[in-house]
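I opened this notebook to record what I looked up in the structure. The entries follow the order in which I consulted it.

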Amino acid sequence: MTFQQLHCLREVVAHKFNVSRTAGALFTTQPGISKLIRALETELGVEVFVRRGNRLVGLTEAGKEAYTLAGRILRDTQALRQLGAGGEGAEAEGVLRVGTTHIHARYHLLSPTDRFVAAHPKVRLEYSLGTPAEIYLKVRDGSLDFGVSTLPGATPPGLLAIPAYDIPRCLAVPDGHPLLDGRPITLDELARWPWVVHDERYTSGAVVSQVFQRHGLQPRVVMRASDVSIMKTYVARGIGIAVLQKIAMSDETDGRLREIDVSHLFPASTAMVTLREDYLLSAYALDYLAMILPHLTRAELLAQLGGESA
């Protein structure tokens, strides 16, 4: 049995049993994938895949167990490889690629990044900024090690998603705005004001749009932006009001912007750390996860990653 066969098993499932896509992901041919599958089933002595004609359509019961064990073997193998590099007095080297959005990089990830860089000076940490959908796809195809963002939908097969932190929202208005008079705020009233909104490819923009749509309202949008710092600048100039992540207001000290609690209107979201189920975790990658998920003990984190239970 080879690691290549185990990778192939995991990839076939991740690509929804599409042999052609699996072959493309593994830089091989469809006959090559079929050969690996047949070799694995021959060695195990059981059928791993359910077939319909010449198509793979699912996993047998034995295949489901093989899929789980393959993931564990691949992760444990990576852990063994770290023993030599992570011995006493040794410093790990490598590259850790993380996909996230502007606001997570600017606010939520700043302190963990400081600690990680200090603890692992020989590891190059690379942040790639994009939309949640773009991040998910790059994690999925292996271009990124981790994603830190909201998810564009339900967690797809082949990915792990670990809740990181909640994302409460507030209404940002310029100082002196009439909405600061203390009266209860309603969606009907908000719909009468001009708006600066987040691009709907980002969760914050989608949330605002969905809330108004559910109530049959259409805010007057005067500007869309993908960077929260730009949104804040235009709100401060009085061009419109905006719903922002609350943490984005934490560095406002000059009094140009004021925040109003609208948690009763615009729900919080949850940032998720995403990674492939078959991701081979290095010691420094595990340290990074522990730093951005401080609410989890190391044992709890390993349990969520499919290791030993907490």
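What share of the contacts in the chain with a separation of 6 or more comes from residues 24 or more positions apart? I found that such residues account for 72% of those contacts. I note at the outset that this is a predicted model.

Entry on confidence. I looked up the pLDDT and found a chain average of 87, with 93% of the residues scoring at least 70. Over residues 85–90 the pLDDT stays under 50. For residues 85–90 I recorded three contacts beyond four places in sequence.

Entry on overall form. I counted 12 helices and 12 strands in the chain. Along the principal axes, the C-alpha atoms fill a box of roughly 75 × 55 × 35 Å. Of the 310 residues, 47% are buried. I noted an accessible surface of about 15,700 Å², and carbon and sulfur atoms hold 52% of that surface.

Entry on charge. I listed 33 positive and 33 negative side chains. The centres of these two sets lie 6 Å apart.

Entry on domains. I noted a division into domain 1 (3–72), domain 2 (92–165 + 270–306) and domain 3 (169–267). Taken over C-alpha atoms, the centres of domain 1 and domain 3 are separated by 48 Å.

Entry on P168. I located P168 in the loop between β6 (159–167) and β7 (169–174).

Most residues other than glycine have a negative phi. K16 is not a glycine, yet its phi is positive, at about 55°. F17, also not a glycine, has a positive phi of about 65°.

F17 counts as buried because its relative accessibility is 19%, and buried means under 20%.

Terms used:
Residues are numbered from 1 along each chain as its sequence is written. This is a predicted model: local features need pLDDT of at least 70, side-chain atom pairs count only at pLDDT 80 or more; totals for chains, interfaces and linings use all residues. Side-chain values use heavy atoms; hydrogens and water are left out. Domain bounds come from an automatic or database domain assignment. Helices (H or I, at least four residues) and strands (E, at least two) are DSSP runs, numbered from the N terminus. Buried means under 20% relative accessible area, exposed over 50%, partly exposed in between (1.4 Å probe, protein chains only). Contact means heavy atoms within 4.5 Å. Accessible areas come from the Shrake-Rupley method with a 1.4 Å probe; for residues, only the protein chains shown count as cover. Lys and Arg count as positive and Asp and Glu as negative; His and the chain ends are not counted. The place of a charge is taken as NZ of Lys, CZ of Arg, CG of Asp or CD of Glu. pLDDT is the predictor's confidence in each residue, from 0 to 100.
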